[in-house]
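Here is a short tour for someone meeting this structure for the first time. Take a look at the sequence and the model, then read on.

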Amino acid sequence: RSDTIRNTGATNSVVLSDSTKTVLKNLDSAVEIHFYSLLDQASVPASTFALADRINQLLAEYQRVGGGKISVKLFNASSDANAASAEGLKPFNLDKGDACYLGLSVSCKGQKESFPQLSAEWEQALEFDLSRAIARLAATKPTPNSPANSSVNSPVPDSTSIDDLKRAIPN
């Protein structure tokens, strides 16, 4: 089951950075974010549930500021585990019970990037990582023949950079 995230206006204290607002303002294509928060009440600590709630609030703010260009879908039922796995998310907590997932994927113009496992250690960077992913995907040319789940390729270094690297590390 998936739900569209709705900002109820209740105590959402998330304020996006100016750089994120600029990225969202300049979008020319729709962006879809799938947020997977499949957490086992019995084995996952309360702090992980709190993290999931903060991420949910962050994504609601992206959707609000995105002016109709950002669509966020929340997946939080155990039946969504196969979909989470198919999107490249990493299960955790397997030694304590059912597989849990806390991650997201971003898609735009037939391309997709995944954040396989979100953690509190990287929470402060999430907004900026997510904004960069959105900007990268929005900047790509549409590729109707490529699979929707394709990974975003790293930029190919130019031949000068490769030659410099080979000189620096000859063997």
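A residue is called buried when its relative accessible area is under 20%, exposed when that area is over 50%, and partly exposed in between, using a 1.4 Å probe and protein chains only. What you see is a predicted model, where local features need pLDDT of at least 70 and side-chain atom pairs count only at pLDDT 80 or more, while totals for chains, interfaces and linings use all residues. Numbering starts from 1 along each chain as its sequence is written, and side-chain values use heavy atoms, with hydrogens and water left out.

| Residue | Relative accessibility | Class |
|---|---|---|
| C100 | 1% | buried |
| C108 | 3% | buried |
| A133 | 0% | buried |
| A139 | 64% | exposed |

Across the protein chain, 38% of the 171 residues count as buried.

Now for the overall layout. The protein chain has 5 helices and 5 strands; these are DSSP runs numbered from the N terminus, with helices being H or I of at least four residues and strands being E of at least two. Reading along the sequence gives the pattern β-α-β-α-β-α-β-β-α-α. If you take contacts (heavy atoms within 4.5 Å) between residues at least 6 apart in sequence, 77% of them join residues at least 24 apart.

Beyond its neighbours within four places in sequence, A133 touches E113 and F115. C108 makes a handy landmark here: its C-alpha is 9.9 Å from that of A133, 25 residues away along the chain, and 9.3 Å from that of A139, 31 residues away in sequence.

Helix α4 (residues 123-139) also packs against helix α2 (residues 46-65), at an angle of about 35 degrees and with the axes 11 Å apart. Those axes are lines fitted to C-alpha atoms over the stretch in contact, and angles run from 0 to 180 degrees between N-to-C directions. On the α2 side, L51, R54, I55, L58, L59 and Y62 take part, meeting E123, L126, E127, L130, S131 and I134 of α4.

What about disulfides, counted as pairs of cysteine sulfur atoms within 2.5 Å? The count comes to 0. In general, a disulfide is a covalent bond between the sulfur atoms of two cysteines.

How values were computed
Disulfide = S-S within 2.5 Å.
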